[in-house]
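Trainee: I'd like to learn how to read a model like this one, feature by feature. Could you walk me through it?

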Amino acid sequence: MSDNLASGPGPPRGPGSSPGGCTANPTADELLSIDSYWCGHAAVVVVAGEIDMLTAARVTDALLAQLNSRPEVMVVDMEGVRFLSSMGLAALALTERVARERGVELRVVATSRATLRPLEITGMSTELVVHASREQALAGSGGSGPDSVPAPRTS
Amino acid sequence: MHGSGGPSEILAQLVDSLNPGAQVDSTLTPLICTGIPGEPGNLVEVRHQLERWAARTGLPAPAVDDLVLSTYEALANAAEHAYPSGSGPVDMVAARTTDGRVLVIVSDRGRWRPPPADPGFRGRGLLMIRALAQRVEVQQGSHGTTVHMEWARPVTGPGSATAQHD
């Protein structure tokens, strides 16, 4: 995010030698799609594809941009995410912290093993409110993790 | 380790040192990617190659997913942390062994920098690797860091269903 290589504008082109007979590298656009819309007082961000070193910054940017619009609730729907690396978890952790600071209720939709497994093994499924569907997330029902009701401020 | 040799020889030595007597299963060609430039785009392509390879190992689908995620975390760690100047070459070999295991080795030629002070946002990679792989060994030396990850294939054989008894 911050200390990326200063490799000039645009994605780096072929590295000269392609490892192991690799073909052209995919671009972030091919790996990930992000769509956002409003549903009442809730901002919904639908993320689909693969969240890795290449694409995580884009996820972070999109989620923080939505937080800037000060929704009451933000739903991050990851039903279509088929790969979630630690970089994606870092994006979610940062989003969770900023959301908490701003009093935005963050709700995450994770339905497949591809997203639930990394959330669970890192303990993040207990730090985030995780719902099994976008409908449930919008209704604020059926979430797991910390209390769906935001904890009272301690300071 | 010791001596010099091509990736295949090094792989054979590693397999034997991890599980004495075990050999690379020659019926599945090992996946060997050396000198991968540690750029995010290259790591994606390697991950996709590994996905296709792992699907042919006989590991159950959840273990295949774990292997791919775990290996990606190791690759990303190597690319991000090994080289002060940014990114450097990373090596990955993956092989099935004759004693029913699937082994992935990721190595770099740098030194892992200590994790940043804020472990909340970064530094989950190694935690994930340890949780995802059935066996993990991390060797840090002056020539770089090597991460060995292993998954065991379920005990099956021709004519025998899964080894389940109640």
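This is a predicted model: local features need pLDDT of at least 70, side-chain atom pairs count only at pLDDT 80 or more; totals for chains, interfaces and linings use all residues.

Trainee: What joins E4(B) to E5(B)?

Mentor: A hairpin does, and it passes through two residues. The two strands run antiparallel, with seven bridges between E4(B) and E5(B), the latter covering residues 144–152. Further along, B:Val138 has B:Val147 as its bridge partner in E5(B).

Trainee: And how do I read the other side of E5(B)?

Mentor: The general idea first: strands of a sheet pair through backbone hydrogen bonds, either parallel or antiparallel. In this case E3(B) and E5(B) run antiparallel and are joined by seven bridges. One pair to look for is B:Ser107, which stands opposite B:Thr146 in E5(B).

Trainee: In what order do the five strands of the chain B sheet come?

Mentor: The order is E1-E2-E3-E5-E4, in an open sheet with antiparallel pairing. At the edges you find E1(B), residues 31–37, and E4(B), residues 135–141, each of which pairs on one side only. Neighbouring strands here are turned against each other by 10° on average, ignoring direction.

Trainee: Which strands does helix H2 of chain B lie across?

Mentor: H2(B), residues 40–54, lies across E1(B) and E2(B), the latter being residues 89–96. The helix runs at about 175° to E1(B). Then there is H3(B), residues 61–81, which packs on the sheet and touches E2(B), E3(B) and E5(B). Its direction makes about 10° with that of E3(B).

Trainee: Let's turn to chain A. How many helices and strands does it have?

Mentor: Six helices and five strands. Along the sequence the pattern reads α-β-β-α-β-α-β-α-α-β-α. Of its 155 residues, 35% count as buried. As for contacts between residues at least 6 apart in sequence, 64% join residues at least 24 apart.

Trainee: What is the pairing in the chain A sheet, and in what order do the strands come?

Mentor: The pairing is mixed, and the five strands form an open sheet in the order E1-E2-E3-E4-E5. E1(A), residues 32–39, and E5(A) stand at the edges with a single partner strand each, so one side of each has no neighbour in the sheet. For a parallel pair, look at E4(A), residues 105–109, and E5(A), which are joined by two bridges. There, A:Val108 has A:Val130 as its bridge partner in E5(A).

Trainee: Which strands do H2(A) and H3(A) lie across?

Mentor: H2(A) lies across E1(A), E2(A) and E3(A), running at about 180° to E2(A), which is residues 42–51. H3(A) lies across E2(A), E3(A) and E4(A), at about 155° to E4(A).

Trainee: Are H2(A) and H3(A) roughly parallel or roughly antiparallel to each other?

Mentor: The angle is what you look at, and under 35 degrees counts as roughly parallel. H2(A) and H3(A), residues 86–102, pack at about 15° with their axes 9 Å apart. They are therefore roughly parallel. The crossing is right-handed. Residues that meet across it include A:Leu63, A:Leu64 and A:Leu67 in H2(A), and A:Ala91, A:Leu94 and A:Val98 in H3(A).

Trainee: Which residues of H4(A) are buried?

Mentor: In H4(A), residues 113–121, they are A:Thr115, A:Arg117, A:Pro118 and A:Leu119. Their cover comes from both chains: it includes E3, H3, H5 and E5 of chain A together with H3 and H4 of chain B. After H4(A) comes A:Gly123, with a positive phi near 80°.

Trainee: Where does A:Arg70 lie, and is it buried or exposed?

Mentor: A:Arg70 lies in the loop between H2(A), residues 56–68, and E3(A), residues 73–84. Its phi is near 55°, a positive value in a residue other than glycine. A:Arg70 is exposed, because 12 other C-beta atoms lie within 10 Å, and 12 or fewer counts as exposed.

Trainee: Finally, what ipTM and pTM does the predictor give the complex?

Mentor: An ipTM of 0.84 and a pTM of 0.82. Chain B averages a pLDDT of 82, and 80% of the residues score at least 70. Over residues 159–166 of chain B the pLDDT is below 50, and this stretch has four contacts in the model beyond near neighbours in sequence.

Technical notes. Residues are numbered from 1 along each chain as its sequence is written. Chains are lettered from A and ligands numbered from 1 in the order in which they are written. Two strands pair if DSSP finds at least two bridges between them. Helices (H or I, at least four residues) and strands (E, at least two) are DSSP runs, numbered from the N terminus. Axes are lines fitted to C-alpha atoms, for helices over the stretch in contact, and angles run from 0 to 180 degrees between N-to-C directions. Two residues are in contact if their C-beta atoms, placed from the backbone, lie within 7 Å. A residue is buried if 20 or more other C-beta atoms lie within 10 Å of its own, exposed if 12 or fewer, and partly exposed in between; C-beta atoms are placed from the backbone. pLDDT is the predictor's confidence in each residue, from 0 to 100. Angles under 35 degrees count as roughly parallel, over 145 as roughly antiparallel, 65 to 115 as roughly perpendicular and the rest as oblique. A crossing is left-handed if the near helix is turned anticlockwise from the far one by less than a right angle, and right-handed if clockwise.
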